[in-house]
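This note is for a colleague who is meeting the structure for the first time. Please keep the sequence and the model open while reading the numbered points.

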Amino acid sequence: MYVWDINLRIFHWLLVFFITFSIISAKIDNLFLHQYFGSISLGLIIFRIFWGFFGSYNAIFKNFFYGPKEIFNYLKGKKVNNKKTGHNPLGSLSVFSFYILITVLSISGLFSSDDILFDGPLVSYLPEYTIHFTKIHNLSHYFIYFLITIHILAIFYYQLIKKQKLINQMIDGRPRNYQIIVEETKFNKNVLGFTVLISCIIIPIILLV
Ligand code: HEM
Ligand code: HEM
């Protein structure tokens with residue numbers, strides 16, 4: 001029985017890798033490699049959208065989406081829906097912010113240019129908007145630094161202070177909190193998910209080569 005199925009865990013650690021290297025490659029001005037890391041990050045988000053509808057219980061969006069009222073009630077200390085055990089309302093807000101921000105970053109990146117040596121692969125389709133996309137791209141990367149910082153601080157707070165082993169849970173998928181709803185994903189579903197995940201990584205690479 002798993003909290004996070006195998007595909008969700010692979011997705012998470014690959015996302016950590018590709019987002020980190022998107023940032024590093026941009027900062028060392030290797031925009032050629034940057035477009036690969038960024039486009040694969042977009043591919044991972046496409047996989048995650050698929051898995052948000054067809055994945056295991058805690059991966060499915062409707063099982064961890066909270067409306068503004070639920071978030072507000074949570075902040076006021078009221079009990080939350082006990083069917084949504086994967087993320088609390090603030091965790092859920094940060095997860096959806098990640099999906100949206102990475103989508104904005106990678107799509108704007110495809111249409112961005114450094115105005116010297118490198119044009120994003122889709123710049124020629126909307127050349128009159130390159131300047132706007134580049135502005136959006138350069139501005140939104142600050143938000144991802146902010147989100148990553150909050151995310152890591154929150155995870156370490158739960159891990160070290162509240163002694164809830166969230167990191168171990170994201171590594172081996174096994175529940176440490178017995179209130180949490182778990183599900184045994186069927187082998188065929190895992191294989192389907194893995195095939196979609198790999199395709200979402202390979203297709204951007206093929207399109208860029
Ligand atoms: C889809 C693929 C992507 C492409 C083609 C792309 C393209 C670009 C380009 C052309 C620049 C240079 C802009 C300039 O010189 O003003 C840039 C900068 C940058 N990109 Fe991307 N990008 C992509 C995805 C991402 C993603 C997913 C991130 C996530 C963190 C990211 C983070 C950055 C950062 C941090 C910079 C440097 C900004 C700065 O120092 O002001 N990019 N990108
Ligand atoms: C670039 C850096 C990172 C990004 C973009 C990122 C992104 C995410 C996303 C999107 C989720 C939600 C997973 C889902 O789709 O359901 C998540 C969950 C999680 N992440 Fe990260 N993450 C990053 C770094 C890290 C690091 C460094 C750690 C651990 C040291 C970590 C530990 C976790 C854990 C434990 C969860 C599950 C949270 C929970 O149980 O509520 N993440 N992360």
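In which helix is I24 found? I24 is found in helix α1; helices here are DSSP runs of H or I of at least four residues, strands are runs of E of at least two, and both are numbered from the N terminus.

1. Basis of the note. This is a predicted model, in which local features need pLDDT of at least 70 and side-chain atom pairs count only at pLDDT 80 or more, while totals for chains, interfaces and linings use all residues. Residues are numbered from 1 along each chain as its sequence is written, and chains are lettered from A and ligands numbered from 1 in the order in which they are written.

2. I24 and its surroundings. I24 counts as partly exposed because it has 13 C-beta neighbours inside 10 Å. On the scale used, a residue is buried with 20 or more other C-beta atoms within 10 Å of its own, exposed with 12 or fewer, and partly exposed in between, with C-beta atoms placed from the backbone. H34 lies 10 residues from I24 in sequence, and their C-alpha atoms are 8.3 Å apart in space.

3. Two residues with positive phi. Most residues other than glycine have a negative phi. D29, in the loop between α1 and α2, has a phi near 65 degrees. D115, in the loop between α4 and α5, also has a positive phi, of about 65 degrees. D29 counts as exposed because it has 12 C-beta neighbours inside 10 Å; D115 is exposed, with 10 other C-beta atoms within 10 Å.

4. Leaving aside residues up to four places away in sequence, F11 touches L44, F47, R48 and L197; contact requires C-beta atoms, placed from the backbone, within 7 Å.

5. The 22 residues of α4 reach 32 Å from first C-alpha to last, close to the 32 Å expected at 1.5 Å a residue; the expected span is 1.5 Å times one less than the number of residues. Among the buried residues of α4 are P89, S92, I102 and L105, and their cover includes α1, α2, α3 and α5. In α7 (187–208), G193, L197, C200 and P204 are the buried residues, and these pack against α1 and α2.

6. Ligand 1. There are 26 residues around ligand 1, with A26, G38, S106, G109 and D114 the closest; a residue is near a molecule if its C-beta atom, placed from the backbone, lies within 6 Å of it. The largest share of this shell, 7 residues, comes from α2. Its residues divide into 10 nonpolar, 15 polar and 1 charged. Here Ala, Val, Leu, Ile, Met, Phe, Trp, Tyr, Cys and Pro count as nonpolar, Asp, Glu, Lys and Arg as charged, and the others, Gly among them, as polar.

7. Ligand 2. Ligand 2 has 19 residues around it, and I19, V95, F98, L166 and M170 come nearest. The largest share of this shell, 6 residues, is from α1. The shell around ligand 2 holds 12 nonpolar, 6 polar and 1 charged residues.

Methods. Two residues are in contact if their C-beta atoms, placed from the backbone, lie within 7 Å.
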